[in-house]
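The sequence and structure come first.

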Amino acid sequence: MRYTKEERLEIGRKVYEGTMSRYEAAEAYGISDDTARDYMRMYRDSNSLPPKSSGNNTGCYVYKPSESQPDISDYESMTKKELIIELIKAKVAEARLKKGYEVKGDGRTKEYILLDSSNTK
């Protein structure tokens, strides 16, 4: 069946909020369970909601920044040189996250934190 975007978001809301499991939604709406999961993700992304825990311990982690993100007013008061330094820090942090680790502290107190305990090879 074809569903409108609003209908898809409604199905996704039910799955996201736990009113229905994705398997129940699949049976009720005549779609596959993967499609029901996709609708839930569509709902979650359109409302900027955090991912839901599946309840099983699969070793997957959701990244939560340890430091609060600066407000736009913080950037407005910076000089060009300070903005460039912040941009470089953000790119380095992004590259580290893609590789699966985060760094806290600096110098001798630097600590490497693995975001996933599974083997990366």
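## Burial and overall make-up

Of the protein's 121 residues, 16% count as buried, where buried means under 20% relative accessible area, exposed over 50% and partly exposed in between, with a 1.4 Å probe and protein chains only. This is a predicted model, in which local features need pLDDT of at least 70 and side-chain atom pairs count only at pLDDT 80 or more, while totals for chains, interfaces and linings use all residues. Residues are numbered from 1 along each chain as its sequence is written, and side-chain values use heavy atoms, with hydrogens and water left out.

The protein has five helices and two strands, in the sequence pattern α-α-α-α-α-β-β. Helices (H or I, at least four residues) and strands (E, at least two) are DSSP runs numbered from the N terminus. Among contacts (heavy atoms within 4.5 Å) with a separation of 6 or more, 39% join residues 24 or more positions apart.

## H1 against H2

Helix H1 (residues 5–17) packs on helix H2 (residues 22–29) at an angle of about 150 degrees, with the axes 9 Å apart. H1 is therefore roughly antiparallel to H2. Axes are lines fitted to C-alpha atoms, for helices over the stretch in contact, and angles run from 0 to 180 degrees between N-to-C directions; under 35 degrees counts as roughly parallel, over 145 as roughly antiparallel, 65 to 115 as roughly perpendicular and the rest as oblique.

Ile11, Lys14 and Val15 of H1 make the contact with Arg22, Ala25 and Tyr29 of H2. By class, that contact has four nonpolar, no polar and two charged residues. Ala, Val, Leu, Ile, Met, Phe, Trp, Tyr, Cys and Pro count as nonpolar, Asp, Glu, Lys and Arg as charged, and the others, Gly among them, as polar.

## H1 against H3

The axes of H1 and H3 come within 7 Å and cross at roughly 90 degrees, which means that H1 is roughly perpendicular to H3. The contact of H1 with H3 has nine nonpolar, two polar and four charged residues.

Arginine 44 lies in helix H3 and counts as buried because its relative accessibility is 15%. Beyond its neighbours within four places in sequence, arginine 44 contacts Tyr16, Leu49, Pro50 and Pro51.

## Nonpolar core

A nonpolar core is a set of buried Ala, Val, Leu, Ile, Met, Phe, Trp, Tyr and Cys residues joined through side-chain atoms within 4.5 Å. In the largest, with 13 residues, Tyr3, Ile11, Ala25, Tyr29, Ile31 and Tyr39 touch the most other members. H1, H2 and helix H3 (33–46) each supply at least two residues of this core; H3 gives the most, with four.
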